[in-house]
Amino acid sequence: MAVRFPALCGALMLAAQSALAQSAPVQAAPAVSVELNAIHPRDGACQFVLVGQNGTEADIDRLVLEAVLFDTEGRVATMTLLDLQDLPAGRMRVRSFEIGGITCEGVSRLLINGVSTCEPEGCGAAIEARSVTPIEVLQ
């Protein structure tokens, strides 16, 4: 019995796709994400606008991040705490922080150095940080 080439190719393609789908690791969405969404110059300060997203099924009562800002020469410009307050389950929150003594143009990187506070305890285990601004965000 002859097998038509297009039918054989289609069957092989379906088998390969099925095998790949079964072997490919599933990437879970981060439990909590923090995005540097915007920066705005203010009188003698820089305003940082962060978007926090809680992708879990549990409310976060309070999330405080320890942040380090680096200048354009790679030196630490300042260290601060960013209090994102509450992040309800499955919700997004926007928070604004004015940090004095620096200009937005003078900041090259923002390092999320760690979680200072996360209530309930242990809720900050899987935080992803990113930026949609020219300032690089590291963790």
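**Terms and values**

Tutor: Let us start with a bond: C46 and C104 are joined by a disulfide, with 2.0 Å from S to S. Please keep in mind that this is a predicted model, in which local features need pLDDT of at least 70, side-chain atom pairs count only at pLDDT 80 or more, and totals for chains, interfaces and linings use all residues. Residues are numbered from 1 along each chain as its sequence is written, and side-chain values use heavy atoms, with hydrogens and water left out.

Student: Why is the link of C46 and C104 called a disulfide?

Tutor: A disulfide is a pair of cysteine sulfur atoms within 2.5 Å, and the S to S value for C46 and C104 is 2.0 Å, so the pair meets the definition. The structure holds 1 disulfide, and the link of C46 and C104 is right-handed, with 105 degrees about the S-S bond.

Student: What does the pair of C46 and C104 tie together?

Tutor: C46 lies in strand β2, whereas C104 lies in the loop between β5 and β6, so the pair ties together parts that are 58 residues apart in sequence. Strands (E, at least two residues) and helices (H or I, at least four) are DSSP runs, numbered from the N terminus. By that rule the protein chain has 1 helix and 8 strands, in the order α-β-β-β-β-β-β-β-β along the sequence.

Student: How do you know whether L65 is buried or exposed?

Tutor: Buried means under 20% relative accessible area, exposed means over 50%, and partly exposed is in between (1.4 Å probe, protein chains only). L65 has 0% relative accessibility and therefore counts as buried. S33, at 6%, counts as buried too, and C118 is buried with a relative accessible area of 12%. Of the 139 residues of the protein chain, 32% count as buried.

Student: Which residues does L65 touch, and what makes something a contact?

Tutor: A contact means heavy atoms within 4.5 Å. Not counting residues up to four places away in sequence, L65, which lies in strand β3, touches residues including V34, L82, I112 and I127. L65 and L82 are 17 residues apart along the chain, and their C-alpha atoms are separated by 5.1 Å. S33, found in strand β1, touches V51, G52, Q53, E128 and R130, with the neighbours up to four places away again not counted.

Student: What makes a set of residues a nonpolar core?

Tutor: A nonpolar core is a set of buried Ala, Val, Leu, Ile, Met, Phe, Trp, Tyr and Cys residues joined through side-chain atoms within 4.5 Å. The largest such core here has 27 residues, and those with the most contacts inside it are F48, L63 and L110. Strand β3 gives the largest share of this core, 5 residues. In soluble globular proteins, nonpolar side chains tend to be buried together.

Student: Why is R109 said to lie over the face of F70?

Tutor: A charge sits over a ring if NZ of Lys or CZ of Arg is within 6 Å of the ring centre and within 35 degrees of the ring normal. R109 lies over the face of F70 at 4.5 Å from the ring centre, so the distance falls within the 6 Å limit.
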